[in-house]
Amino acid sequence: MNYVRLTKSRFFYQQAILLFLLLSQAFYVNGQTTNTTRFLEKEISNLNFKALDKDPAFSFATQEGVSGLQENQPGQSDQQPGSGETYFWLKGTLRPDQLNQALTLQISSTHLHENNLYTFNNGQLQQVKEQTDLARYDQYNFKTDSAVYYIRSSDVLLKQLPLVLMDTPSFTEKEGKRLLRIGFYYGLGLMSILFNVVFYLVFKDKRFIAYCFLQLAVFIEFFYEDGMFYYLSSGQLVLDNLLVYTIPFTASFACVFAYYFLDLKDTHKNYWRYVTPVMGLALLNLILFTLFKWDASIPVNDFLSFLAATIPIGIAISRFRKDVYARFLVLTFGVIVIFAIGFVLNMNFNFPWLAGFDMDALRMVSAFEIIAIGFAITFKVRALQEENVNIRMEINKYLFKIKDIVEVKPHIPNFSNSKDQDVLNVLKVDFQLTDRETEVLLGIWEGLSNQELADKLFISLNTIKYHISNLYVKLDVKNRTQAVRIKEKVNV
């Protein structure tokens, strides 16, 4: 009996001690929270907020030195005074109809992840918990009875206002539509990559595989900028320095693709002498950044990559009048470069005229480039394949003629058109004419119509028109009469 009483008494004491510890912890945490809240309110009140030119509804302040805040520690519910870091504060204002409503705030930049949102409820400043599930960027769901809220970040890019703030149902609907558009773009990109791989296996043409690698590099960069790595990992994959590594490789793949697309092997034999040193410096800079994490390496990396990419674009510009594919490359890649530069400037400067250079615009231009370049490569390879088939047919025809001549009668050369042949040889070298274009030009000199040329060369009428168009561009003439008169201007 005494043993039972002793056991009950011991159990009672144990429960009392546990209750005391829990109450002590609760009071301690509550005290810590109160102290932290008071500290934050005091720090915010001492900040010098200035209205932003980009949007006067927002104010910006910088907090430097020992006034910094330290990240949460176990057992703490908010920030505490810490060591001398620099933080940037953004003060925003809600509309009256947004008070006490379910709101969502998204910081729409993949480069901003060390952020905190603070709102007032019942007169007390509180930190809003971040929403990481199914969020592409830092995202917060909250309600507040105060019109003022604060965002704190360790990155000055917060000043560029990459914010989306609306009621939660509207945000969910808008984000769903945006994800649908993003999914369409990536579906188009993956389909294009797959087609290029298949075409490479069929045609064995290096243009396809070079463009495939270029697309893959661009795909990864867009996937990162759209916050999809962050989205699919529930906020675990931040990858702050991913673009530092992908940009040089993207520039390298662009140089390789332009080399094959423009057929620079024979026309620009010193091409790699200019490209290789630039990309070598970019690689060395990348190694230094990996080892020492120098922030100064990032703009150097971007500059060297951009410089390497401008080399093939410069060559394409120099061949703009003579080569239809050079014009195509300048127009497509040029638009991409312009929008990419505008996007970078828009992220770093408060110029209102740069507002249109956002991810949606860059993605739309990239989708146009994917479709256009894909068609251009296919058309060029198809034309080359058709030309190769015709050349093989012509070779076989000449071989049969030679065989008949050798077996039946001796060959008696005819030099009646030797001058025209010499002129053709000069034009072929000076204007880089293909064999097929040379045959078409000779037919024009003979006065043959397009259909007669097609019948003579055993190719379609559209192919004849295509070759004539290329001839006019390369010879800088506008019609058949000028193409015939060009003979008179050539000194053999």
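Strands β6 and β9 are paired in the antiparallel sense over 5 bridges; two strands count as paired if DSSP finds at least two bridges between them. Helices (H or I, at least four residues) and strands (E, at least two) are DSSP runs, numbered from the N terminus. The model is a predicted one, in which local features need pLDDT of at least 70 and side-chain atom pairs count only at pLDDT 80 or more, while totals for chains, interfaces and linings use all residues. Residues are numbered from 1 along each chain as its sequence is written, and side-chain values use heavy atoms, with hydrogens and water left out.

Strand β9 (residues 138–142) is largely enclosed by the rest of the structure, because 4 of its 5 residues are buried. Buried denotes under 20% relative accessible area, exposed over 50%, and partly exposed the range in between (1.4 Å probe, protein chains only).

An open sheet of 6 strands was also found, with antiparallel pairing and the order β1-β2-β5-β10-β7-β8. Its edge strands, β1 (50–51) and β8 (124–128), each pair on one side only. In this sheet, β5 (residues 87–93) is joined to β10 (residues 148–153) by 6 bridges in the antiparallel sense, and lysine 91 faces tyrosine 150 of β10.

The largest nonpolar core contains 49 residues, and those with the most contacts inside it are Tyr186, Phe257, Phe261, Tyr271, Leu329 and Ile377. At least two residues of this core come from each of several helices, including α2 (168–203), α5 (242–261), α9 (324–348) and α10 (359–408). Helix α10 gives the largest share, 9 residues. A nonpolar core is a set of buried Ala, Val, Leu, Ile, Met, Phe, Trp, Tyr and Cys residues joined through side-chain atoms within 4.5 Å. Leucine 329 touches Phe257, Ala258, Phe261, Leu262, Ala316 and Gly334, with residues up to four places away in sequence not counted; contact means heavy atoms within 4.5 Å. A second, separate core has 21 residues, among them Leu441, Leu457, Ile464 and Leu471.

Helix α8 comprises 22 residues and spans 32 Å from its first C-alpha to its last, close to the 32 Å expected at 1.5 Å a residue; the expected span is 1.5 Å times one less than the number of residues. A bend of about 25° occurs in α8 at isoleucine 311, and proline 312 follows within four residues. The bend is the angle between axes fitted to the seven residues ending at a position and the seven starting there. The buried residues of α8 include Leu304, Ala308, Ile311, Pro312 and Ala316.

Most residues other than glycine have a negative phi. Leucine 161, in the loop between β10 and β11 (163–167), has a positive phi near 55° and is buried at a relative accessible area of 15%. Aspartate 263, in the loop between α5 and α6 (264–267), likewise has a positive phi, of about 55°, but is partly exposed at 36%.

The mean pLDDT of the chain is 81, with 81% of residues at 70 or more; pLDDT is the predictor's confidence in each residue, from 0 to 100. Confidence is lowest in strand β4 (residues 80–81), at a mean of 44, and highest in strand β6 (residues 103–107), at 96. Over residues 26–32 pLDDT stays under 50, and the model has 3 contacts beyond four places in sequence for them.
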